[in-house]
Amino acid sequence: MNRAPKSVWRRPTHFFAFGLGSGTVPWAPGTFGTLAAIPFYWMMAELPLGWYLSICFVAFVIGVWLCDKTSHDLGVHDHSGIVWDEFVGYWLTMAAVPFSWEAALWGFIVFRIFDVFKPWPIRWADRRVAGGFGIMIDDVMAGAYAWSTMHLWFWLH
């Protein structure tokens, strides 16, 4: 466990990289980061899909920079408290999923499963891709797996 630095509360880049502070939780910061992403999904859920995906893309691009800058400042490749990647991964999981609390909960569970267990090629990317892009891409991949799972489930039901 990496302890959250005080700079999270002083530097805007660190604050955002740490998921608006949600990554400062001393245990399971990725889970808390994902939970913190849910209210934003709720606000974005009724947007047209193009706008929703545009926000995800911009959040990804900004996230690459935020995560790279923060990890460089802290001297740690992927500090466990950096959870902006969980925000983006969860939002991708929920793309084109009509908002309901049940769907938000299932999306949370499915995303966390793929993010924690990292099936191939997520684990490969997590271990081999460096910098802010590396921090972000494994969660985007987990979000793509979770998105596929969510939509398959909705299609089957």
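Student: Is Ala-142 to be read as buried or exposed?

Tutor: Relative accessible area decides this: buried means under 20%, exposed over 50%, and partly exposed in between, with a 1.4 Å probe and protein chains only. Ala-142 has 0% relative accessibility and therefore counts as buried. The model is predicted, so local features need pLDDT of at least 70 and side-chain atom pairs count only at pLDDT 80 or more, while totals for chains, interfaces and linings use all residues. Residues are numbered from 1 along each chain as its sequence is written, and side-chain values use heavy atoms, with hydrogens and water left out.

Student: In which helix does Ala-142 lie?

Tutor: Helices are DSSP runs (H or I, at least four residues), as strands are (E, at least two), and both are numbered from the N terminus. Ala-142 belongs to helix H7.

Student: With which residues is Ala-142 in contact, leaving aside its neighbours within four places in sequence?

Tutor: Contact means heavy atoms within 4.5 Å. On that basis, and with those neighbours set aside, Ala-142 touches Phe-111, Phe-114, Asp-115 and Ile-122. The C-alpha atom of Ala-142 is also separated by 9.6 Å from that of Pro-121, which is 21 residues away along the chain.

Student: How do H5 and H7 cross, and at roughly what angle?

Tutor: Axes are lines fitted to C-alpha atoms, for helices over the stretch in contact, and angles run from 0 to 180 degrees between N-to-C directions. The axes of H5 and H7 cross at roughly 135 degrees and come within 8 Å. Angles under 35 degrees count as roughly parallel, over 145 as roughly antiparallel, 65 to 115 as roughly perpendicular and the rest as oblique. H5 and H7 are therefore oblique to each other. As to hand, a crossing is right-handed if the near helix is turned clockwise from the far one by less than a right angle, and left-handed if anticlockwise. For H5 and H7 the crossing is right-handed. The contact draws on residues of H5 including Trp-106, Phe-111 and Asp-115, and on residues of H7 including Asp-138, Ala-142 and Phe-154. By class there are ten nonpolar, three polar and three charged residues. Here Ala, Val, Leu, Ile, Met, Phe, Trp, Tyr, Cys and Pro count as nonpolar, Asp, Glu, Lys and Arg as charged, and the others, Gly among them, as polar.

Student: At what angle do H3 and H7 pack?

Tutor: Helix H3 (residues 49-74) packs against helix H7 (residues 131-156) at about 130 degrees, with axes 7 Å apart. That makes H3 oblique to H7. The crossing of H3 past H7 is right-handed. Among the residues making the contact are Ala-59, Phe-60 and Asp-68 of H3, together with Gly-131, Phe-133 and Val-140 of H7. The contact of H3 with H7 divides into eight nonpolar, four polar and one charged residue.

Student: Why is helix H4 largely enclosed by the rest of the structure?

Tutor: Helix H4 (residues 84-93) is largely enclosed because nine of its ten residues are buried. Those buried include Trp-84, Glu-86, Tyr-90 and Thr-93. Their cover includes helix H1 (12-17), helix H2 (29-44), H3, helix H5 (101-117) and H7. H2 packs against H4 at about 50 degrees, with the axes 8 Å apart. That makes H2 oblique to H4. H2 passes H4 in a right-handed crossing. Glu-86, Phe-87, Tyr-90 and Trp-91 in H4 meet residues of H2, including Gly-33, Ala-37 and Met-44. This contact of H2 with H4 has nine nonpolar, three polar and one charged residue.

Student: Which backbone features deserve attention, beginning with the peptide bond from Trp-120 to Pro-121?

Tutor: Most residues other than glycine have a negative phi, and most peptide bonds are trans. The bond from Trp-120 to Pro-121 is cis, with omega near 0 degrees. Pro-121 sits in the loop between H5 and helix H6 (122-128). Lys-118 is in the loop between H5 and H6 as well, and its phi is positive, near 45 degrees. Lys-118 is buried, with a relative accessible area of 13%. Ala-96, in the loop between H4 and H5, has a positive phi of about 65 degrees although it is not a glycine. Ala-96 is partly exposed at 48% relative accessible area.
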